[in-house]
Amino acid sequence: MNFDDKALEVPDVLPMLPVRDIVIFPYMILPLFVGRDASIKAVEDALARNRLIFLSSQKELTEENPNPESIYRTGTVATIMRMRKLADGRVKILIRGVAKARITEFTTLEPSFEVRIEKIEETEVKPVSLEIEAVIRSAKEHLEKIIAHGKMLSPDILLVLDEVTDPGRVADLIGSNLGLKVSDAQKILETHDHIERLKFVNTLLLAEIEVLQMQAKIRNTAKDEMTKSQKEYFLREQLRAIKSELGENDQKTEELEELREKLLSARMPTDVETEALKQLGRLERMHPDASEASMLRTYLDWMIELPWSKETKDNLDLVHARKVLDDDHYDLQKIKDRILEFLAVRQLKANMKGPILCFAGPPGVGKTSLGRSIAKAMGREYFRISLGGIKDEAEIRGHRRTYVGAMPGKIIQALKAAKTRNPIFVLDEIDKLGSDFRGDPSAAMLEVLDPEQNATFRDHYLNVDFDLSKVMFLATANNVENIPAALRDRMEMIYLTGYTEQDKILIAKKHLVKRQMDENGITSEKIEFTDEGLLSIVSHYTRESGLRNFEREIGSVCRKIAKDVVTGDKTKKTVTSKLVEELLGPARFIRDEEMGESRIGIATGLAWTSVGGEVLFIEAVKMKGKGAVVMTGQLGDVMQESAKAAMSYAKSNARALGIGEKWFEEHDIHVHIPAGATPKDGPSAGITMATALISLMTDTAIRSDVAMTGEVTLTGRVLPIGGLREKALAALRHGVKDVLIPFMNIKDLADIPDEFRKKLNFIPVKHLDEVLAVALEKSHSRKKAVASPGGTSTGKKPKSAASAA
């Protein structure tokens with residue numbers, strides 16, 4: 001590239017690029033970032049011609065789309081040495097100033113500026129007179145002073161100036177490096193006389209020196225003020241000592257002494273007390289109006305109010321604890337036994353760590369209220385910490401005190417509110433902890449819930465250890481799968497299942513009815529609930545594992561009766577099933593056995609969800625086709641694989657099942673699970689899928705009073721599943737009589753109450769043949785036994801769970 005500016009021919013018409021916040025001088029080399037569409041077009045035009053472009057500054061920095069009137073007429077012709085396109089759409093160019101020029105006419109305004117220019121010829125000054133030499137030296141000396149005052153300039157500028165003797169070049173070089181305002185730099189560019197231009201630059205240098213000297217003076221004054229403040233502090237300390245001798249203590253001294261007494265009486269651990277007294281010493285030496293003083297005062301208040309050594313005495317009477325738990329909650333024997341075990345061990349060993357339990361189960365079964373009952377039984381303070389939706393780690397561990405508005409985390413806040421070091425904390429909805437760029441709260445909970453670590457829990461705000469080993473942590477969760485494995489491993493999981501209809505009626509008579517009558521101002525003189533009425537509400541107006549909707553509907557009945565009382569109806573209402581229908585409207589849920597008779601291709605399965613067990617209907621229909629299988633209802637990958645395994649089993653055993661040889665070639669199959677808006681997945685629908693498909697292929701109806709759950713293999717073996725208790729409860733709610741379960745789940749029947757087992761006939765099965773023998777209307781067993789690993793194929797109807805066990 002040719003850098004000989006004198007030999008370079010400058011055309012009369014050039015693309016023009018308006019620049020902001022800078023003035024380009026000849027001989028300058030610098031990068032420019034071009035972002036406006038019109039400016040990018042001007043750059044492209046210049047590159048397409050001779051790489052020359054005219055650069056002129058805008059008068060207004062903020063103007064996005066300048067017009068000819070807002071652009072200075074004098075600018076610089078520059079060569080584009082290099083161009084690169086950036087990922088954000090902008091263009092980076094490296095330019096070198098060539099010569100000054102003046103705009104005589106704007107030839108093109110759209111899509112980019114193109115101007116006609118007149119080159120400004122500058123004559124070199126020779127020889128250099130004494131006046132010129134003096135002005136150049138003066139400018140260099142002023143520049144050295146500016147650098148000495150701390151102005152950040154290019155380190156090589158003084159070396160470059162030593163080699164330059166032309167006053168115009170000196171003025172341009174200083175002007176381009178000094179960081180001047182656009183108006184001042186433009187004036188330098190527009191001054192053609194070399195001597196006048198350098199003199200103007202000298203004036204600007206003198207003004208800059210004065211500004212820098214004023215800045216230094218301000219800094220020195222501030223330093224003197226700091227020295228003065230220190231002097232005032234020593235005088236104030238002397239004055240305080242004099243007042244102390246005279247018995248006239250000031251208010252600040254009294255407050256600090258009060259803080260010291262409180263710190264010493266808080267019975268903190270030695271290292272914590274040392275840190276607290278250290279911070280108190282800092283506060284004593286600090287001016288009361290200092291910004292850090294209020295922060296330190298707040299910190300010391302937190303340290304004083306925390307229960308470092310205060311704790312309540314546990315009530316270890318097992319009979320009392322059992323009575324309180326039984327009065328407040330029906331059933332839940334596992335949890336009650338676990339609490340009684342803890343109390344028994346506490347009698348044998350006084351110094352033991354608090355248990356960390358997690359109650360997992362569907363909503364409304366009493367997980368959160370259990371914590372309050374346990375606290376009442378043990379005589380401890382109770383506090384609930386809601387963890388749902390927390391995404392910031394600082395919510396658990398606290399903020400560091402360097403941040404404005406810093407506070408301790410929820411654990412320390414809860415301890416302050418509880419006022420004892422051994423409360424019962426209910427960590428509600430621990431499965432709904434979130435995480436984002438601010439950290440992972442579930443990772444912070446690892447330290448809180450680890451018995452080996454929580455004795456030295458360190459909150460960021462306190463920055464000292466606090467012993468959490470005395471705290472009893474009770475977490476609640478709906479879906480344990482959402483809890484990270486490391487956190488789940490630190491908790492003792494206790495699973496709560498739903499209630500039967502009879503359980504709900506008993507709980508309603510003991511707790512819910514009375515509570516809703518009190519909340520709605522109804523007395524027993526105005527309303528009376530019968531078992532028939534409560535059963536009608538449970539079975540026809542709710543379908544849940546817990547009690548929330550049930551209590552809500554009882555409240556609705558009470559409110560409607562209250563309205564009748566207020567409007568003048570003084571008669572006592574007896575809530576029967578008939579009155580329930582009048583008050584709450586038609587039944588919202590109908591028993592499954594009332595929904596139709598046995599049909600071909602419709603099988604009843606059992607599923608587990610985070611809100612309890614549910615009944616799942618699997619429907620299959622056939623149509624003429626070529627063997628295609630369509631599956632709808634938002635089925636997950638595992639459920640689709642179960643359907644494919646069932647299809648493969650049916651094809652491989654078609655003759656034994658009585659399916660025609662050409663059936664698969666002549667029919668298409670559509671499998672659908674209703675409630676299509678709800679995603680469904682899991683392997684436990686395997687035998688239900690297979691039963692629905694084989695029923696369709698053999699034109700055999702499936703019994704409507706049979707429900708089933710189990711994973712199926714390609715060879716027809718039935719594998720075990722989870723959540724059997726919740727599924728059994730769902731079957732009971734829907735009026736199912738026989739429940740087919742995998743043979744290896746017999747051990748789980750021990751967790752199912754006797755009441756369930758009396759009302760349901762659990763039939764364990766090892767092979768799909770046994771499923772078909774029970775589920776199909778006509779006994780449809782395989783015509784020929786097929787050997788399969790791990791299972792039997794006898795063609796006989798299997799025994800019930802009682803005899804099989």
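Okay, ground rules. We're looking at a predicted model, where local features need pLDDT of at least 70 and side-chain atom pairs count only at pLDDT 80 or more, while totals for chains, interfaces and linings use all residues. Residues are numbered from 1 along each chain as its sequence is written, and side-chain values use heavy atoms, with hydrogens and water left out. When I say helix or strand, I mean DSSP runs numbered from the N terminus: H or I of at least four residues for helices, E of at least two for strands.

Let's start with the cores. A nonpolar core here is a set of buried Ala, Val, Leu, Ile, Met, Phe, Trp, Tyr and Cys residues joined through side-chain atoms within 4.5 Å. Buried means under 20% relative accessible area, exposed is over 50%, and partly exposed is in between, with a 1.4 Å probe and protein chains only. The largest core has 54 residues, and Met 303, Ile 430 and Leu 449 touch the most other members. Several elements give two or more residues to it, including α7 (251-265), α8 (270-284), β9 (424-428) and β12 (472-477). The largest share, seven residues, comes from α9.

So what does Ile 430 touch, leaving aside neighbours within four places in sequence? It is in contact (heavy atoms within 4.5 Å) with Leu 387, Leu 449, Ala 475, Thr 476, Ala 477, Ile 483, Leu 487 and Met 491. Apart from that core lies another, of 50 residues, with Ala 377, Val 426, Val 513 and Ile 537 among them.

Ile 537 brings us to helix α18, residues 531-541, where it is one of the buried residues, along with Gly 533, Leu 534, Ser 536, Val 538, Ser 539 and Tyr 541. The buried residues of α18 pack against α17 (501-519), β14 (527-529), α19 (548-566), β15 (573-575) and α20 (577-584).

Next, a helix pair. The axes of α21 (637-652) and α24 (686-698) come within 9 Å and cross at roughly 45°. That makes α21 oblique to α24; the scheme calls angles under 35 degrees roughly parallel, over 145 roughly antiparallel, 65 to 115 roughly perpendicular, and the rest oblique. On the α21 side, the contact includes Met 639, Ala 643 and Met 647, and on the α24 side, Met 689, Leu 693 and Met 697 are among the residues they meet. The contact residues divide into eleven nonpolar, two polar and no charged.

Most residues other than glycine have a negative phi, and most peptide bonds are trans. Asp 21 has a positive phi of about 65°, in the loop between β1 (13-19) and β2 (29-34). Asp 21 is exposed, at 55% relative accessible area. Arg 51 has a positive phi too, about 70°, and is found between α1 (37-48) and β3 (52-57). Arg 51 counts as partly exposed, at 31%. There's also a cis peptide bond joining Glu 110 and Pro 111, with omega about -5°. Pro 111 lies in the loop between β5 (91-108) and β6 (114-119).

Not counting residues up to four places away in sequence, Thr 497 touches Val 365, Arg 725 and Glu 726.

Key: Axes fitted to C-alpha atoms, helices over the stretch in contact; angles between N-to-C directions. Nonpolar A, V, L, I, M, F, W, Y, C, P; charged D, E, K, R; others polar.
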